[in-house]
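Work through the exercises below with the sequence and the model open side by side. Try each task before reading its solution.

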Amino acid sequence: MVAMSAPSPAESEPQATDHRAGFACFVGRPNAGKSTLTNALVGTKVAITSNRPQTTRHTVRGIVHRPDAQLILVDTPGLHKPRTLLGERLNDVVRTTWAEVDVIGFCLPANEKLGPGDRFIAKELASIKKTPKIAIVTKTDLVDSKQLAEQLIAIDQLGKELGMEWAEIVPVSAVGAEEGAGRSPSGKGGGGRGAGQVDLLAELITPLLPKSPALYPEGDLTDEPEQVMVAELIREAALEGVRDELPHSIAVVVEEMLPREDRPADRPLLDIHAFVYIERPSQKGIIIGPKGKRLKEVGMKSRKHIEALLGTPVFLDLHVKVAKDWQRDPKQLRKLGF
Ligand SMILES: Nc1nc2c(ncn2[C@@H]2O[C@H](COP(=O)(O)OP(=O)(O)OP(=O)(O)O)[C@@H](O)[C@H]2O)c(=O)[nH]1
C-alpha cells in the first residue's frame with residue numbers, strides 16, 4: 001500500500017488521498033438474501049437470485065462505484081455440509097474468500113429466528129480474526145419493529161457468545177432498491193425504504209476498506225466474463241418452478257457468442273449458443289416440458305435478461321444435454337467451469 005501523506009495545505013485533491021477501494025463478501029445461509037443485496041448495491045442484475053437455496057455457483061463480483069470509494073463485492077455460495085465433490089469445492093471457495101476480503105457481511109434474515117445454520121457460519125467467521133465483520137439483518141420489510149429489535153439483540157448476543165465483535169449491525173431491505181427485484185413486500189414493515197438502507201450499508205462498509213485509488217474503471221459493474229453471466233441468467237430461468245431435486249443437477253455452459261453477420265449497423269443481433277446440462281436422461285423431460293414448452297419459456301425469459309445485460313438484441317439457441325453424474329466427476333466439473 002502507498003503510505004498516506006499528511007493533508008496538503010492546498011487541499012486541491014482531498015478525494016484522491018481519502019479514496020478507498022477493497023473487497024467485501026456476503027455470507028449467510030442459503031436464501032439469506034446475499035445475491036439480492038449484491039444486486040441492490042450494484043444497482044443492476046449481476047448476481048442471480050432465486051427463491052431456491054444454493055443457486056449461486058460462480059463467484060460473481062459486483063462493483064459499487066461511489067465518489068469516495070469503490071467496493072468490489074464477491075458473492076460466494078452458501079457454506080453447507082458437503083455431500084459431493086462439488087459441495088466440498090464450494091466450501092473451499094467460501095473459506096478462501098473470507099480470508100482474502102477486507103470486509104465480511106454476514107446476512108441474517110429478519111424474518112427467521114437464528115438457527116443452527118447461522119451459528120455454524122458464525123463460528124467459522126469467529127475463527128477468521130483479522131477480517132472485520134458486519135452483521136446485516138436482511139429482509140426487514142417482512143417484519144415489524146418489535147421482531148426486528150429482537151433479531152438485533154439476538155445477533156448482538158451471538159457475537160458476544162463467540163467472542164466476536166461486529167464492526168456494525170445493520171438492518172436492510174433490498175426490496176424497492178433493486179431493479180428487477182420485483183417481489184412485493186408483505187406490507188408489514190417499511191417497504192420502500194430499501195434504497196436508503198442499502199446506501200447506508202455501503203457508507204458503513206467504506207471506512208473498513210483500505211485507502212486506495214479505484215481498482216476498476218468507472219462503469220464496470222463486474223469482471224466476470226460475459227459468457228459466465230449469460231450462463232447464470234439462463235440457469236436462473238431454468239431453475240424457476242422446477243422440483244426440489246433438480247436445482248443441483250443443472251449447469252449451463254455458453255458455447256459461443258457471435259454477432260450475426262450481414263446485419264445493418266443499427267440493427268445488430270448477437271447469436272448465443274448454450275447448453276443446459278443435466279445429470280440423468282429422466283430429467284430431460286422436466287427441463288424441456290411438453291412439446292418443448294418449458295424450454296421455450298426458459299429461453300424467452302433469459303433472453304430478456306441477457307438483452308438487458310448486454311444492451312443488444314439476442315438470438316438464443318438452447319440445447320439440453322445429459323452429462324452423467326457431473327457433480328461427482330472432477331473432469332466434468334472443470335469442463336462446466338467449477
Ligand atoms: N421481502 C424481501 N425478500 C427478499 C429480500 N432480499 C431477498 N429476498 C428474497 O429472498 C429470496 C432469497 O434471496 P437471494 O438473494 O437469492 O438469497 P441468497 O442468500 O443469495 O441465496 P443463495 O444463492 O441460495 O445462497 C429471494 O426470493 C429474494 O427475492 C428483501 O430485502 N425483502
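**Exercise 1.** How many bridges join strand S4 to S5, and do the two run parallel or antiparallel?

Solution. The model is predicted: local features need pLDDT of at least 70, side-chain atom pairs count only at pLDDT 80 or more, and totals for chains, interfaces and linings use all residues. Residues are numbered from 1 along each chain as its sequence is written.

Step 1. Find the elements; helices (H or I, at least four residues) and strands (E, at least two) are DSSP runs, numbered from the N terminus. Strand S4 covers residues 103–109, and strand S5 covers residues 133–138.

Step 2. Count the bridges, given that two strands pair if DSSP finds at least two bridges between them. S4 and S5 are joined by 6 bridges and run parallel. Ile104 has Lys133 as its bridge partner in S5.

Step 3. Follow the connection. From S4 the chain passes through helix H4 (residues 116–126) to S5, a right-handed β-α-β crossover. A crossover is right-handed if, with the strands pointing away from the viewer, the path from the first strand over the helix to the second runs clockwise.

**Exercise 2.** Which residues of S5 are buried on one side and which on the other?

Solution. Step 1. Apply the burial cut-offs: a residue is buried if 20 or more other C-beta atoms lie within 10 Å of its own, exposed if 12 or fewer, and partly exposed in between, with C-beta atoms placed from the backbone.

Step 1. Sort by face. In a regular strand the side chains alternate between the two faces of the sheet. Lys133, Ala135 and Val137 are buried on one side of S5, and Ile134, Ile136 and Thr138 on the other.

Step 2. Ile136 stands opposite Val170 in S6, and strand S6 (residues 166–171) runs parallel to S5 with 5 bridges between them. Leaving out residues up to four places away in sequence, Ile136 touches Gly105, Phe106, Cys107, Val170, Val172 and Leu201, where contact means C-beta atoms, placed from the backbone, within 7 Å.

Step 3. The largest one has 44 residues, and Phe106 and Ile136 touch the most other members. Apart from it lies another core of 23 residues, including Ala231 and Val298.

**Exercise 3.** Why does Glu165 count as exposed?

Solution. Step 1. Glu165 sits in the loop between H5 and S6.

Step 1. Glu165 has 10 C-beta neighbours inside 10 Å, so this residue counts as exposed.

Step 2. The C-alpha atoms of Glu165 and Ala126 are 8.7 Å apart, although 39 residues separate the two along the chain.

**Exercise 4.** In what order do the strands of the open, mixed sheet of 3 strands stand?

Solution. Step 1. The order is S7-S8-S9. Strands S7 (251–259) and S9 (314–322) stand at the edges with a single partner strand each, so one side of each has no neighbour in the sheet.

Step 1. S7 pairs with strand S8 (residues 270–278) in the antiparallel sense over 8 bridges. Glu256 has His273 of S8 as its bridge partner.

Step 2. Helix H7 (residues 226–239) lies across S7 and S8. Helix H9 (residues 293–310) packs on the sheet, touching S8 and S9.

Technical notes: A nonpolar core is a set of buried Ala, Val, Leu, Ile, Met, Phe, Trp, Tyr and Cys residues joined through C-beta atoms within 7 Å. Two residues are in contact if their C-beta atoms, placed from the backbone, lie within 7 Å. Axes are lines fitted to C-alpha atoms, for helices over the stretch in contact, and angles run from 0 to 180 degrees between N-to-C directions.
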